[in-house]
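Thanks, everyone, for making the time.

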Amino acid sequence: MNQPATEKINAHTKLCAVFGFPVRHSASPDFQNEGFRALNLNWRYVACEVEPNTLRSAIEGAKALGFVGVNLTVPHKMLAMDMVDVLDESAKKWGAVNTISFQSKNSHGIWESRGISNATGKEVRVCGFNTDADAILRSITEDLELDLSGKSVLVLGAGGAGRVAVLKLAEAKVSRLYLVNRTQSKIVELEAEIKRDFPGVMVEKGYPANKIDLVLNATSLGLKAEDTLPFDPDRFDLQKAGSAYDMIYNPGETPFLKMARSHGLKAANGVGMLLYQGAKAFEIWTGRPAPLAEMRKALLARIYGTDTLS
Ligand code: ATR
């Protein structure tokens, strides 16, 4: 009887990896391998600790070894911008690469992932994508069941993740954005960027006076038990918001999300962002729809020890 292709690693096994520093906390191998297993693909995904000064040679090495694709995590995403042969529009737009696809030409001369069986050309190019930005929007939309068009949103934080979230929300045609950040200069820059690129979106610095649809935490406050709330409760009443999203997913419920739920807000954490950025990378490499239910289950089991999130 034939064994399922995923049962053992053999001479046909195709490889993907995540490069990061540090990387041992990564949940990506757990849910990517579950995706391969669910589609009966003889592929494996491993985590490689790659220091920033060896990133270029690690990418070259993966190319030479026949890897299909690589995810990049902290601190590599911006560094990799000039280490690939081609930047997909997504990477150009966000100025960061979180997914690399090693591509060859197919029989029609079109570049394709070399994980796809008819991409058999000898020449290999390294293509950089960004799947993070779309994942933020998808997670908010699907996990909170919130269509963002025309909505008003308070974003807490204007670091790397906050900036991308704010620009993605503007692109999704929210009507009004309120921006709060400890370092004011970042808000000033971001406000100017929105006014220039998305003139239809009203943008204000500071907390809203009226009711809003969503409050989004993009700060790192909540990662540590001793952290304060990411907003000033004397200046903003959470009950003014319809729903709350925290980009932090570990802990699964930050004090911010706990407070939001206790006030009756619909709430979600950032685990969906992790899932959707990985699912998109999976699709870029395999050319097949990601088995989301199985991947989600594996991700939740790895992070929370349960396959559902209450
Ligand atoms: P990331 O790439 O995850 O967004 P980051 O760019 O370092 O990481 O951004 C962290 C965010 O959390 C920033 O908005 C940061 O505020 P500053 O821009 O003022 O640094 C915010 N943050 C981190 N620690 C904070 C603290 N103790 N109080 C308030 N905001 C904090």
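Let me begin with a term: buried area is the accessible area, computed with a 1.4 Å probe, that two parts lose on being put together, summed over both. The size of an interface is often given in just this way, as the accessible area lost when the parts come together. What we are looking at is a predicted model, in which local features need pLDDT of at least 70 and side-chain atom pairs count only at pLDDT 80 or more, while totals for chains, interfaces and linings use all residues. Residues are numbered from 1 along each chain as its sequence is written, and side-chain values use heavy atoms, with hydrogens and water left out.

The domain assignment, whose bounds come from an automatic or database source, gives domain 1 as 5-130 + 273-304 and domain 2 as 134-269. The contact between them, where contact means heavy atoms within 4.5 Å, takes 10 residues from domain 1 and 16 residues from domain 2. Taken over C-alpha atoms, the centres of domain 1 and domain 2 are separated by 29 Å.

How much area is buried between domain 1 and domain 2? The value is about 1200 Å², and carbon and sulfur atoms give 61% of that area. On the side of domain 1, Trp94, Met273 and Tyr276 supply 60% of the area buried against domain 2, which is more than any other three residues.

As for the elements involved, α3 (89-94), α8 (271-286) and α9 (292-304) each supply at least two residues of the side of domain 1 that touches domain 2, where helices (H or I, at least four residues) and strands (E, at least two) are DSSP runs numbered from the N terminus.

Next, the strand β11, residues 212-217. Is β11 largely enclosed or open? Five of its six residues are buried, so β11 is largely enclosed by the rest of the structure; buried means under 20% relative accessible area, exposed over 50%, and partly exposed in between, with a 1.4 Å probe and protein chains only. Two strands pair if DSSP finds at least two bridges between them, and β11 is joined to β8 (residues 152-156) by four bridges, the two running parallel. Within that pairing, Val153 has Leu214 of β11 as its bridge partner. β11 also pairs in the parallel sense with β12 (residues 241-246), over five bridges, and there Ile212 stands opposite Ala241.

Now two single residues. Tyr45, in strand β2 (residues 43-49), counts as buried because its relative accessibility is 2%. Its side chain makes a polar contact with the side chain of Asn71, at 2.7 Å, and its contacts beyond four places in sequence include Cys16, Phe36 and Trp285. Ser104, in strand β5 (residues 99-105), also counts as buried, because its relative accessibility is 3%. A polar atom of the Ser104 side chain lies 3.4 Å from the backbone oxygen of Gly121.

Finally, some backbone geometry to check. Most residues other than glycine have a negative phi, and most peptide bonds are trans. A cis peptide bond joins Val74 and Pro75, with omega about 5 degrees, and Pro75 is found in the loop between β3 (69-72) and β4 (86-87). Another cis peptide bond joins Asn250 and Pro251, with omega about 15 degrees, and Pro251 lies in the loop between β12 and α7 (255-262). Glu145, which is not a glycine, has a positive phi of about 50 degrees; this residue lies in the loop between α4 (132-143) and β8 and, at 63% relative accessibility, counts as exposed.

Methods. A polar contact is a pair of N or O atoms within 3.5 Å; within protein, one must be able to donate a hydrogen and the other to accept it, and residues adjacent in sequence count only if both atoms are side-chain atoms.
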